[in-house]
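Dear colleague,

My findings follow directly after it.

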Amino acid sequence: MHIMEGFLPATHAAGWTAAAAPFVAWGAWRINRVLRDHPETRLILGAAGAFTFVLSALKLPSVTGSSSHPTGTGLGAALFGPSVMTVVATIVLVLQALLMAHGGLTTLGANVFAMGVVGPFVAWGLYRLVTGVGAGMAPAVFLAAFCGDIATYMTTSFQLALAFPDPVSGVTGALAKFLSVFAVTQLPLAVAEGLVSVVMMNLLRRHAAGELALVPAFLKEARA
Amino acid sequence: MTRRDGILLGLAAVIVAGGLLLAGDAGFGGADGKALALVRDLAPGYEPWAVPVWTPAGSLEGLLFALQAALGAGVIGWIVGYRRGRAAAHRDDAA
């Protein structure tokens, strides 16, 4: 989902930056509050952030003959809420823009909005929905991670289509073209991300159940 | 690692390896790069107005991504090891 440096018109770049910035600020505030109220959860937060580090570093081959990155933000969004993962995604994207020339500083806002806002919000919403209807933890985490991953790449496609509409078929036509680059490639990778996210959740439940119970997602459940 | 987790990880590996096998010798260029080519196609006159501050050579780029993954995996391993060690110490105290 890395839109390259300079590859959004300045007005679009500024617009997406303005759209993403409040979420980053909100996320930083949320992290502070979670760690102040339940400092024990820093272990789980560290694990969720580290999980994003691992998955977003992997460039995996897909059936389409292209390769792409998973996002790794769905699990953390389910546990801590979406805005916390906005901050984690921003850290990853800044590092990748500065050190790996993946993405860029001018396109940081757009990339944060895709990977750190839309993906995590979709993941968090689905996790709440699926656990809310009484389904198990595993399907909830799987669906959250899978859909969060796909939603991130759909957002990138939309951002590019908006900036570079097709001369004939307009934004819609361009969206179809960008989706054909990203969406099919991402499908198997998102399934893999979903499966690995379930394993990570199981690992935390087995080895850090005490801290996990204090994470926002489970505190809410306990109160309900 | 339970058996179920092993199966889930194996399945994820099969999906990724399956893509590799099904696509054959397709080259596996990055989807980000293909989107860039599509931008050039849709807007041939567009000039990027900024360039990356620094672009690592291909092999160095691979190393940096590997480092990023290793850092994350190291933290996860440390956390799980730390919790297992603490749980084991509690069991010893209780015994």
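Predicted model: local features only at pLDDT ≥ 70, side-chain atom pairs only at ≥ 80, totals over all residues.

Residues are numbered from 1 along each chain as its sequence is written, chains are lettered from A and ligands numbered from 1 in the order in which they are written, and side-chain values use heavy atoms, with hydrogens and water left out.

On a 1 Å grid over the protein atoms alone, a pocket is an open set of points with protein on both sides within 12 Å along at least five of seven lines, a cavity is a set where a 1.4 Å probe fits but cannot get out, and lining residues have an atom within 4 Å of a point. Grid points are joined across faces, edges and corners, and a volume is the space filled by probe spheres set on the points.

The largest pocket has a volume of about 210 Å³. Helix 1 (10–37) and helix 9 (216–223) of chain A are the elements that give two or more residues to its lining; helices are DSSP runs (H or I, at least four residues), numbered from the N terminus. Among the lining residues are A:Arg30, A:Arg33, A:Asp37, A:Lys220 and A:Arg223. By class, this lining comprises 4 nonpolar, 1 polar and 5 charged residues (Ala, Val, Leu, Ile, Met, Phe, Trp, Tyr, Cys and Pro count as nonpolar, Asp, Glu, Lys and Arg as charged, the others, Gly among them, as polar).

Helix 9 of chain A also has buried residues, A:Pro216, A:Ala217 and A:Phe218 (buried means under 20% relative accessible area, with a 1.4 Å probe and protein chains only).

Helix 4 of chain A is largely enclosed by the rest of the structure, because 13 of its 18 residues are buried. Just after helix 4, A:Ala101 takes a positive phi of about 55°.

Finally, chain B is divided into domain 1 (1–46) and domain 2 (58–95), with bounds from an automatic or database domain assignment. The C-alpha centres of these two domains lie 27 Å apart.

With kind regards

Notes: Buried < 20%, exposed > 50% of the residue type's maximum accessible area, 1.4 Å probe, protein only.
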